[in-house]
Amino acid sequence: MTTTLQPASADEVLEVVRRAAAERVALEIVGGGSRRGVGRPVAAEHALDLSGLSGVTLYEPEELVLSAGAGTPLHEIEALLAASGQELAFEPMDHGPLLGGEAGRSTIGGVLAANACGPRRIKAGAARDHVLGIHAVSGRGAAFKSGGRVVKNVTGYDLAKLMAGSWGTLAAVTAVTFKVLPAAETEATLVLRGLTEEEAANAMAVAMTSSGEVSAAAHLPETVVGKVLDGRLPGWRGATLLRLEGFAPSVAYRFDRLAALLAPMAAPERLEAEDSRILWREIRDCMPFADGTQRPVWRVSVTPSQGHRMVMALRMAAAVDAFYDWQGGLVWLRMEGEPEAESLRRQIAAHGGGHATLVRAPAHMRAAVPVFEPQPEALAALSARVKEQFDPLNILNPGRMYA
């Protein structure tokens, strides 16, 4: 049975990891637990629960910087920022509902470990593009820090960014510092209904190359569109969605210009601020597939113009449901049966390349297939050397990313 260790300070984390390294005992790094089901099952004697390292230690709205313990709940940070009219611009995804858990359990350390982001990635990037600094404990049992509280503060290796997307396999992060940005005064979503997936890809490409400053672009096919906004979003063959954010007069002006540009494709409709925010939060959290099942869900990154073509090819061989974010560059796939990892990755390669991550599946499936994209030989060798430097005994989340 796994024993849960819950240190209350960074010093206690250091002591736990040092003892684990000395005894060569594996540790599963856990925060809020909302992403625990992502990756291969971890075989560890103990769970190192970092939720006790909670609390904002620095927030300077004028300097656009916030520091917090790694176990600080994300919703607490978002509420604090919202009170000052600010936000984490990369709008990190909450994996909880998709994986059958509760919403709101994500921690800021988990956000960094997963390099989480949302629909605004096409404009603002992901967590790694906003992290300024970290404090952490490596698998060697050594405490270290990287970065600081300003943007231009890194010489040599940027270890804070290295932790982004490492899923706790390199170090136990104890504290993080993020850049924050002013939140938009308002937003609106332009809706084009009835487009095919190919027509939607063309419409999103036109919108993204326009002067509309679109901050999110998605397409929900007919099978998905009824599963957001309590079924209130108009569908037919689907709904193509374009978000505009900023000051109200600017949003209104850009909306009208964009609507005129896209009118030949379909009659534009408008979704106002409150419903727009709910809609994009549901897209961010993959709520159309948060169905309480363990049916395999893949997160696929491809060239935006090729996403719908890849899905069409997959549909010829397997039962697949899908919707598109990031102008079609992010495809969420739900499969009815086995994960079909090899078939999926063959299709990705045949459509210009990209990568796929198995986000949801039963444990036995996650143990049997490559959950994360297999790395080319040279990159795999580099990753192994990095792992050797940070965690030579392989005691931190062993096997979570690769067998």
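Me: Which helices and strands each supply at least two residues of the lining of the largest pocket?

Reply: They are helix H5 (159–163), helix H9 (273–284), strand S15 (297–302), S17, strand S18 (354–360) and helix H13 (377–390). Of these, H13 gives the most, with six residues. Helices (H or I, at least four residues) and strands (E, at least two) are DSSP runs, numbered from the N terminus. The model is predicted: local features need pLDDT of at least 70 and side-chain atom pairs count only at pLDDT 80 or more, while totals for chains, interfaces and linings use all residues. Residues are numbered from 1 along each chain as its sequence is written, and side-chain values use heavy atoms, with hydrogens and water left out.

Me: What makes the space of about 1300 Å³ a pocket?

Reply: On a 1 Å grid over the protein atoms alone, a pocket is an open set of points with protein on both sides within 12 Å along at least five of seven lines, whereas a cavity is a set of points where a 1.4 Å probe fits but cannot get out. The space of about 1300 Å³ is therefore counted as an open set. Its volume is the space filled by probe spheres set on the points, which are joined across faces, edges and corners.

Me: How many residues line the largest pocket, and which lie nearest its centre?

Reply: A lining residue has an atom within 4 Å of a point. The largest pocket has 50 such residues, and Gly165, Ser166, Trp167, Met401 and Tyr402 lie nearest its centre. They divide into 26 nonpolar, 14 polar and 10 charged. Here Ala, Val, Leu, Ile, Met, Phe, Trp, Tyr, Cys and Pro count as nonpolar, Asp, Glu, Lys and Arg as charged, and the others, Gly among them, as polar.

Me: How does the lining of the second largest pocket divide into nonpolar, polar and charged residues?

Reply: There are six nonpolar, three polar and 11 charged residues. Nearest the centre of this pocket lie Glu87, Glu91, Arg120, Arg277 and Arg281. Each of these five is Glu or Arg, and so counts as charged. The volume is about 540 Å³, and H9 gives the most to the lining, with four residues.

Me: How many cavities of 30 Å³ or more does the structure hold?

Reply: The structure holds two. Of its 26 lining residues, Ile29, Gly31, Gly109, Gly110 and Ala113 are closest to its centre. The second largest cavity has a volume of about 40 Å³, and the largest share of its lining, three residues, comes from H6.

Me: Why is His130 called buried?

Reply: Buried means under 20% relative accessible area, exposed over 50% and partly exposed in between (1.4 Å probe, protein chains only). His130 has 3%, and is therefore buried. His130 lies in the loop between helix H4 (121–124) and strand S7 (131–138). Not counting residues up to four places away in sequence, His130 touches, with heavy atoms within 4.5 Å, several residues including Phe90, Thr177 and Phe178.

Me: What makes a set of residues a nonpolar core?

Reply: The set consists of buried Ala, Val, Leu, Ile, Met, Phe, Trp, Tyr and Cys residues joined through side-chain atoms within 4.5 Å. In the largest, of 54 residues, Leu233, Val300, Met310, Trp332, Leu333 and Leu344 touch the most other members. Its largest share, five residues, comes from strand S17 (residues 330–335). Another core, of 28 residues, lies apart, with Ile77, Ala116, Ala136 and Val180 among them. In soluble globular proteins, nonpolar side chains tend to be buried together.
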